[in-house]
Amino acid sequence: MGNDKKLTLQSEDFSAWYNEVVQRAELADHSPVRGSMVIRPWGYGIWEHMQSALDVMFKETGHENAYFPLLIPMSFIEREKEHIEGFAPELAVVTRAGGKELEEPYVIRPTSETIVYSMYAKWVQSYRDLPVLLNQWANVIRWEMRTRLFLRTSEFLWQEGHTAHATAEEAEEETLLILELYRKFMDEWLAMPPITGLKTDSEKFAGAVSSYSCEALMKDRKALQTGTSHFLGQNFSKQFELTFQSENGKEEYAWNTSWGVSTRLVGGVVMTHGDDNGLVIPPRLAPTQVVIIPILAGEETSEVLAKADEVLDQLKNTGVRARIDNRDHLSPGAKYFEWERKGVPFRVEIGPRDLEKGQLALVRRLTAEGESRRAFVPEAEAIAKLPEKLEEFQDDLLEAARVRREDSTVRGVGSLGELEEAFDSGAGFVYTGWSGDPAIEEMVKERLKATIRVLPSQEFRSVTAPSRCVSGDRESVAEVVWARAY
RNA sequence: CGGGGCGUGGCUCAGUCCGGUAGAGCGCUGCGUUCGGGUCGCAGAGGUCCCCGGUUCGAAUCCGGGCGCCCCGACCA
């Protein structure tokens, strides 16, 4: 990578572009431990904005935060059969502590269902104790074979919600409520509009009855699973004796859900909005929304700096996250490149000429085709309008992402040949019929490297449901969405 | 775990074939200069050449062994 001034072009090597931009925008760096990363302030700042937005949404829907421990007894993880089968290869295990071999090894949580539901079992006696609606913000470890900053690291940060309900219907409702909450969050905050739907058995969470997910389309037209919401049925409550006495006095097993999004979302934002100049951060997530670059020139330097301070204060008063870059060893041009690479939505330049004319130079991170990059706007007007310009920018990013998604969506594909052709000509999401046979999934994955991302939720389905399976010879039981995925 | 590649200043790499006392660009420090799209000049700091062993008068370079990392495939939020 080096300090070559230009990034690898997206069109040349998307994956190299991603690695470079993550490091050179100072989002994250590799730690000495293979596969794990240090999240730097710029990247963590983005995550913090995601966290606070989600946290509000969780609380608005009746959830509370709690914290469960990092270490889980090995026997807990082993309790649910599919759960342990799914996670066994990627567990990190503590066998020694206090200078001695432990009697029972501890697993570093890959997810917390087992410890959570074992505790719920203690707390829940009666239907009056339900529902339990908890979330935790935590780190987890899954020993992945191949890792990439943010997208797949051995340790990552996430939130995991865990709920217990008296009825299956209520738990299913919760699962879908969260799926919709995630979707809204991704639309409104990340400007990364996912499609949603049900996972096939081969892709669902180990231990779930059914899994739903959000699937977003990256700029290279590969899908990224950006959030999951699981209906766990009574699988865990049966293993951990999570029972309650119902209204009619009978002892029953509770119904559970779990759901999560992770720091992977940061990688998703990078691949959804970034361009050849670097990151583009949606304003609502940007640690700095407006950077002020004073043009320092000779005798007017102190006046320019004073004006910059004044503008900073006024922007802060309008609720804009702004900062001044007054480093004096860099030329203005060098700063432009740096902040563009870091994806700051707007830049304000203040120089002697602007002082004279009572104006500010406003530069948007993305400008429409043919539009001039730099707009000179009267100072008061520029400050007053920036909040709405930021909202506009946010909206434009969402719209552009939607258009990209729709433009690379192909519907009504009726045969394996057409499916292959679609991917060969650069399709992102491809909709087909499916017989429900996992062998078809397996075969397509083998041949085309594409998988069924979801059985789409109602609003994403095609107007006319496909009647035949993509494999040709059988009837379709459900429409499915195929994509090459991360 | 299979297949490929690579370990040399902070970073990217040249030097290795053909052994002779270690280089470039970028970055960093200081001073000056410049400042509206990656300023320029001068001076400077910085390296157990991944590790261990062998061959040799002499090893970054040759030989043997080890370790680590990256990329491609099988697993995954």
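1. A polar side-chain atom of Asp 354 sits 2.4 Å from a base nitrogen of RNA strand B. That pair is a polar contact, meaning a pair of N or O atoms within 3.5 Å; within protein, one must be able to donate a hydrogen and the other to accept it, and residues adjacent in sequence count only if both atoms are side-chain atoms. The elements that give two or more residues to the surface near RNA strand B are helix 10 (332-341), strand 17 (346-350), helix 11 (352-357) and strand 18 (359-364). Helices (H or I, at least four residues) and strands (E, at least two) are DSSP runs, numbered from the N terminus.

2. On conventions: this is a predicted model, where local features need pLDDT of at least 70, side-chain atom pairs count only at pLDDT 80 or more, and totals for chains, interfaces and linings use all residues. Residues are numbered from 1 along each chain as its sequence is written, chains are lettered from A and ligands numbered from 1 in the order in which they are written, and side-chain values use heavy atoms, with hydrogens and water left out.

3. Two further base contacts deserve a look. Glu 340 places a polar side-chain atom 2.8 Å from a base nitrogen of RNA strand B. Leu 296 uses its backbone instead: a polar backbone atom lies 3.3 Å from a base nitrogen of RNA strand B.

4. How many residues surround RNA strand B? There are 38, and the closest are Arg 146, Arg 152, Arg 264, Ser 331 and Asp 354. Sugar and phosphate make up 41% of the atoms of RNA strand B that come within 4 Å of the protein. A residue is near a molecule or strand if one of its heavy atoms lies within 4 Å of it.

5. Next, the make-up of this surface. Helix 10 gives the largest share of the surface near RNA strand B, with seven residues. By class, the surface holds 14 nonpolar, eight polar and 16 charged residues. Ala, Val, Leu, Ile, Met, Phe, Trp, Tyr, Cys and Pro count as nonpolar, Asp, Glu, Lys and Arg as charged, and the others, Gly among them, as polar.

6. Five strands form an open sheet with mixed pairing, in the order 16-15-17-18-19. Strand 16 and strand 19 (374-378) are the edge strands, each pairing on one side only. From one strand to the next, the twist averages 25°. Two strands pair if DSSP finds at least two bridges between them.

7. Is strand 15 (residues 290-294) mostly covered or mostly uncovered? Mostly covered: five of its five residues are buried. Val 290, Ile 292 and Pro 294 point one way, Val 291 and Ile 293 the other, and all are buried. Buried means under 20% relative accessible area, exposed over 50%, partly exposed in between (1.4 Å probe, protein chains only).

8. Strand 15 runs parallel to strand 16 (residues 322-324), with three bridges joining them. Ile 292 has Ile 324 as its bridge partner in strand 16. The chain passes from strand 15 through helix 9 (residues 301-317) to strand 16, a right-handed β-α-β crossover. Right-handed means that, with the strands pointing away from the viewer, the path from the first strand over the helix to the second runs clockwise. Val 291 stands opposite Arg 323 in strand 16.

9. Strand 15 also runs parallel to strand 17, joined by five bridges. There, Pro 294 has Ile 350 as its bridge partner.

10. A separate point is the antiparallel open sheet of three strands, in the order 4-6-5. Its edge strands are strand 4 (71-73) and strand 5 (92-97), each pairing on one side only. The twist here averages 50° from one strand to the next. Strand 4 and strand 6 (residues 100-108) pair over three bridges. Pro 73 stands opposite Tyr 106 in strand 6.

11. Backbone checks follow. The peptide bond from Leu 130 to Pro 131 is cis, with omega near -5°. Pro 131 lies in the loop between helix 5 (113-123) and strand 7 (132-141).

12. Glu 26 has a positive phi, near 60°, in a residue other than glycine. Glu 26 lies in the loop between helix 1 (14-24) and strand 1 (28-30). Glu 26 is partly exposed, at 33% relative accessible area.

13. Lys 449 also has a positive phi near 60°. Its place is the loop between helix 14 (438-448) and strand 22 (451-456). Lys 449 is exposed, at 67% relative accessible area.

Methods. Axes fitted to C-alpha atoms, helices over the stretch in contact; angles between N-to-C directions.
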